[in-house]
Structure formats: structure tokens, C-alpha cells
Amino acid sequence: YLEKHDMIYDVLSVNSSFLIKNIDLAFMAWEKPWARDVPFEVFCAYILPYRVQTEQISFLREEMMKRFLPLLDSAGVKTPLEACVALNEHLKSVVRYQDTGLPFYPTIEETYQSGISRCDGICNLGTFIMRAIGIPVAVDFTIWPKMDLGHSWCAVWNDGRFYSFGPGEDQPEVHARMFSQKRHRRPAKVYRYQFNPLHYGKISSTGGYQTFLNTPLWRDVTHEPNLKYLSWTRKKTIFTTRPICAYIIIMNGNHWLLAHI
């Protein structure tokens, strides 16, 4: 078969009624006890967005609220972290890791209906559900230095810090310990998907190299407190009289890959 890739811009395809409804539902979720103390800038970045990564837009936000809000209302949780832990335990019966065999990027609806996906689809669904009920969550990812390919997981904001977890899998405390204690799971670099760009109209120089990491929508969070990510990189100060680009290269699946600029 042949794959055809089309760039579809939200500004040309998303209508105002969808955006208004998404905003209204997000503000309703923000009123919940576990979300009331979430700052407005965190709300805008990790609760309000209608999209997680580059998946197709989903219209399930209201359905997610109706299904999962009663679970937290009856649990008596007070903070985003408590809400995340309680809901994540329930997600173990909603979705699980399994290769679908499909080469296409999964949609929220497909993962929700089938209950299976690889890490990117699980993270998109888990983040979408948690944001729908007022839990500020982001998706983090890495390129493995000790294994082939890479991995994605989630991180929940709580009192100024992020706590990593696997949607429907490892809870925050267990997830952080797995990354710090298991040698093959220690990432070289960790990035976070941002819905809002880190800068506008600014193109960083790459010294002529083409890299998928040269994007304003990804943020380096390798050394973020509380995530306990351990970097394998060594730092060395370089003195120069002209601007340069520093690159970190890692071995992944018997190939060298660019990991950082």
C-alpha cells in the first residue's frame, strides 16, 4: 500500500463551535476540588488543549467527563496527583499496551474503542481523559540509548512539579523508580510535548543539519526536579569566539541518532 501524508492546519479546519464547547468543558473541569488550585498558565497548557500530539481531533471530551468524573467525585481526592493516581488505577481496565500492527498514527477514538495501543496511543488517550476531568497532564518521550526506538509516558503537574507515570500502568512513585534503578531505562534526553510553542517566529540555527528535534513544541525536561531522570551525557565547557551548535548523538538500534541540540 502507499501512504499519503497531508498537512491539515487546525486554523483552517476547526470551527468556532468546537472551540467554544471545548473551552466551556475545560473551565467546568477546572472547578473540581483537585483542580481549583491549578494556576491559570498550567490550566492553559495542560488542561485546556483539545489535542495532545498530532492525532486527529477528538470529539469525546464531554463523553469522557460523563464517564470518569463520577469516579473522582466519589473518591474524595484533593490534589491533581491524588486524582491522577485514583484514575490511573481505573485506566488499567480501559486500555493496555499491545501492538496493533497498524502503521498509522492512532486516533483517540480508535484507542478508546479497541482498548489497546502502543505507548504513543496510550499516552494520548490517558492524557485526553485526564485533561477532560481537570487533571493537568503532559506527554514526555525519549529515544533509548540502550534499546531500539524510544518510549512515551505521561507526567502530572502537582504543586509546581511534574510526576511521571504510565497511563493504565505504573503509578508515579513506581514509574520514577523504574527509570532511576533500571540501567537500560535511563534516558539520555527527555522531552515534553507542548501544545503552545516555546517561541513564535524564531528559527534556531542547526548548522545545516536537519533534525526532527528542531521544533518549538518540544521542551527539554531531562533535569526537571522530581522526575528523577538520569542523563548519560557528560558536559564539557567549550570556549569559542563564534556561535556554534552542540549536538548529542546516541546509539539506538545500531544507528547513531541526534538526541539534542
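**Ground rules.** I am reading a predicted model, in which local features need pLDDT of at least 70 and side-chain atom pairs count only at pLDDT 80 or more, while totals for chains, interfaces and linings use all residues. Residues are numbered from 1 along each chain as its sequence is written, and side-chain values use heavy atoms, with hydrogens and water left out.

**Whole protein.** I found eight helices and nine strands, taking helices (H or I, at least four residues) and strands (E, at least two) as DSSP runs numbered from the N terminus. Of the 261 residues, 44% are buried, where buried means under 20% relative accessible area, exposed over 50% and partly exposed in between, with a 1.4 Å probe and protein chains only. I also looked up contacts (heavy atoms within 4.5 Å): among those between residues at least 6 apart in sequence, 64% join residues at least 24 apart.

**Helix H2.** This helix covers residues 16–30, and its 15 residues reach 21 Å from first C-alpha to last, close to the 21 Å expected; the expected span is 1.5 Å times one less than the number of residues. Which residues of H2 are buried? I noted Phe-18, Asn-22, Leu-25, Ala-26, Ala-29 and Trp-30. They lie on the same side of H2, because they cover an arc of only 145° around the axis, the arc being that of the directions from the helix axis to the C-beta atoms. The face turned away from that buried side carries the exposed Ser-16 and Ile-20. The buried residues of H2 pack against helices H3 (40–46), H4 (61–73) and H7 (119–132).

**Helix H5.** Residues 80–91 form H5, and its twelve residues reach 16 Å, close to the 16 Å expected. Pro-80, Ala-83, Cys-84, Leu-87, Asn-88 and Leu-91 are buried there. What covers them includes H4, H7, strand S4 (150–158) and strand S5 (161–165).

**H5 with its partners.** H5 and H7 pack at an angle of about 135°, with their axes 11 Å apart; the axes are lines fitted to C-alpha atoms, for helices over the stretch in contact, and angles run from 0 to 180 degrees between N-to-C directions. The contact is made by Cys-84, Leu-87, Asn-88 and Leu-91 of H5 and by Gly-126, Ile-129 and Met-130 of H7. The axes of H4 and H5 come within 10 Å and cross at roughly 125°, which makes H4 oblique to H5; angles under 35 degrees count as roughly parallel, over 145 as roughly antiparallel, 65 to 115 as roughly perpendicular and the rest as oblique. On the H4 side, the contact residues are Arg-67, Phe-68, Leu-71 and Leu-72.

**Asp-159.** This residue is in the loop between S4 and S5, and its phi is positive, about 55°, although it is not a glycine. Most residues other than glycine have a negative phi. Asp-159 counts as exposed, at 69% relative accessibility.

**Tyr-97.** I found Tyr-97 in strand S1 (residues 96–97), partly exposed at 46% relative accessibility. Leaving aside neighbours within four places in sequence, Tyr-97 is in contact with Ser-117, Arg-118, Cys-119, Ile-122 and Glu-169.
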